[in-house]
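Morning, everyone. Please take a moment with the sequence and the model on the screen, and then I'll walk you through it.

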Amino acid sequence: MEEEMLQFHEMGIDDRLLKAIADLGWAQPTLIQEKAIPLALEGKDILARARTGSGKTAAYAVPVIQHILASKQSVREQDVRAVILVPTKELGQQVHAMLDQLTRYCARDVRVVDISGKADISAQRPILMEKPDVVVGTPSRVLIHLTAQNLALQSLEVLVVDEADLLFSFGFEADVKNLLCHLPKIYQSFLMSATLSTEVQSLKEMILHNPVILKLEGSQLPASCQLQQYSIQCEEEDKFLLVYTLLKLRLVRGKTLLFVDSIERCYRLKLFLEQVGVPACVLNSELPIHSRCHIISQFNQGFYDYIIASDEHTLSAPKTPLPAGGSKTEKGGKKQPKIKGTKDKEYGVSRGVDFQNVSNVINFDFPKSVDSYIHRVGRTARANNQGTALSFISATEMPTHDDVKKSLVQENGECMLNPYEFKMEQIEGFRYRCRDAMRSVTKQGVKEARLREIKQELLNSEKLKTYFEDNPRDLQLLRHDKDLYPAVVKPHMKNIPDYLVPEVLRGKIDPLSEKRRRRSRVLGLAKPTFKKSNRANNPLKSFRSSGQGGKAHKPKPKGKAKPST
Ligand code: AMP
């Protein structure tokens, strides 16, 4: 017989918290919440392995808030009672936002401060001197304040280490260890991690006492019925040709994250898309934190369809050098243009950050490790939503692809990552246009665009910081997907003449030009869609070959699209 699921109101949670949970529209706890919250409320230390998007933030946030509310009933003195360590500023902001939502009805009793995002350490001193109940921060930032005596943790009651595996891969190991020396002997701890690496195990020894270990997910990614994963082998020029086809013919629908492996590639792809009239934002470690958070927040509100994100940590990690030859832009071992001192060590987009309602993840460049693949692909199909992940793989990326495939073999022997069998010859007609667009994106153009955007975003960032604190409704005024215009954009490149559209797709796609789509959106005629995609109507899932001998593919009529053999 199936066990009845424990509901939030049966967990002994304060009414103010229950009200906030109801406001969030959460009908019932997720699996991790159902298991972790009651144990945490009993005072147990917890080590939880949970995949991203499983609701793990609230799994520790609810007990932390409950703990503080309970403790306030007996202890009068104001002090910092909980610290939440996060690997990135983006995640810090997100955790803070979640805590704000959950403490909506008890904000006076539970004051939360995020010190991960704001750059100015001296400006944070007076905030910390007021001894907020909860401090969210990156280990390095928390340590700086501890050392400067802006923060004292002698009354700490709860320590949370979120995305613990990432803290190590971001090089925070020493900071975490130093930080532990400033903590009292007894406190409750939560260690949340997507993977239980050996480093996480060692941290477990240091901070957890007799913990309950929750390994809730067999797989770190949702099942194939929720997340479809495909890969396609294609070399550099074909990657651009394919992305052109997918976006211009709208074979990819809904909000899409395109991952590349360097900042230079970010701008190369952005400028290429600019040439063919597809607006997209870029997200990378060079942009100021306020701009990055603003881009994510606007993306979540539905302002943009496409974000091109660079996943630089995996690339720059000394243990995982680029394979020889890399991509064509890095051919000949030439170094990428260096823009001094602007990279942010505490940047991270493929992991932990809650991009909402992402329908597709496209790995334009294949990630450099299995972990990185899982984190990137985990940006889609979150909570109960559907999602698709499509990876482009060049010959040099094949070995990592094979590792990923091996790690995605299920107990029944089936692999969750399947070939996306796409007849490249059907889109040959677009090649000339693509080459034309690629030619316009010169090395110098990329360099200029990169500088121009940092300059622009730095200006925006300062304006943003002060202005949007006072005028949160005006957030939409500042878009991040405007053209960067380093090269002349030829008007004819923005539209696709009918004769170039592969026969199989004529009548199936909506070749509305970007300009018209944008205009109709501005006029309120068309809204960005967040609807769960209907697979039968989704051309991405039907424009695949099914026959042998190179025959043109017929669109699948209805139902579940299976990869063809
Ligand atoms: P997380 O894994 O904490 O990043 O959460 C992923 C997403 O799930 C966030 O957008 C949360 O708002 C959402 N979420 C968390 N708990 C629940 C719940 N019990 N029911 C529905 N959505 C939830």
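This is a predicted model: local features need pLDDT of at least 70, side-chain atom pairs count only at pLDDT 80 or more; totals for chains, interfaces and linings use all residues.

**The seven-stranded sheet**

Let's start with a sheet of seven strands, which is open. Its order is β10-β11-β9-β12-β13-β8-β14, and the pairing is parallel. Two strands sit at the edges: β10, residues 281-283, and β14, residues 417-419. Each of those pairs on one side only. Neighbouring strands in this sheet are turned against each other by 25° on average, direction ignored.

Now look at one pair. Strand β8 covers residues 227-233, and strand β13 covers residues 387-393. They run parallel, and seven bridges join them. Which residue of β13 is the bridge partner of Q233? That is I393.

Next, the helices on this sheet. Helix α12, residues 289-301, packs on it and touches β9, β10, β11 and β12. The direction of α12 makes about 130° with that of β10. Helix α14, residues 370-377, packs on the sheet too. Helix α14 touches β8, β9, β12, β13 and β14, and its direction makes about 150° with that of β12.

**The whole protein**

Let me step back. The protein has 565 residues, and 56% of them count as buried. There are 19 helices and 14 strands.

**The cores**

In soluble globular proteins, nonpolar side chains tend to be buried together. Here, the largest nonpolar core has 63 residues. L269, F272, L273 and F392 have the most contacts inside it. Take F392: leaving out residues up to four places away in sequence, it touches several others, including I232, L242, V243, L246, I362 and F364. Another core lies apart from the largest one. This other core has 41 residues, among them L18, A58, V64 and M192.

**Two residues with positive phi**

Most residues other than glycine have a negative phi. Here are two with a positive value. E163 has a phi near 50°. You'll find E163 in the loop between β5, residues 158-161, and α7, residues 164-169. Is E163 buried or exposed? It is buried, with a relative accessible area of 2%.

The other is R250, with a phi of about 55°. R250 is in the loop between α10, residues 236-248, and β9. Why does R250 count as buried? Its relative accessibility is 17%, and buried means under 20%.

That's my tour. Over to you for questions.

How values were computed: Residues are numbered from 1 along each chain as its sequence is written. Side-chain values use heavy atoms; hydrogens and water are left out. Two strands pair if DSSP finds at least two bridges between them. Helices (H or I, at least four residues) and strands (E, at least two) are DSSP runs, numbered from the N terminus. Axes are lines fitted to C-alpha atoms, for helices over the stretch in contact, and angles run from 0 to 180 degrees between N-to-C directions. Contact means heavy atoms within 4.5 Å. A nonpolar core is a set of buried Ala, Val, Leu, Ile, Met, Phe, Trp, Tyr and Cys residues joined through side-chain atoms within 4.5 Å. Buried means under 20% relative accessible area, exposed over 50%, partly exposed in between (1.4 Å probe, protein chains only).
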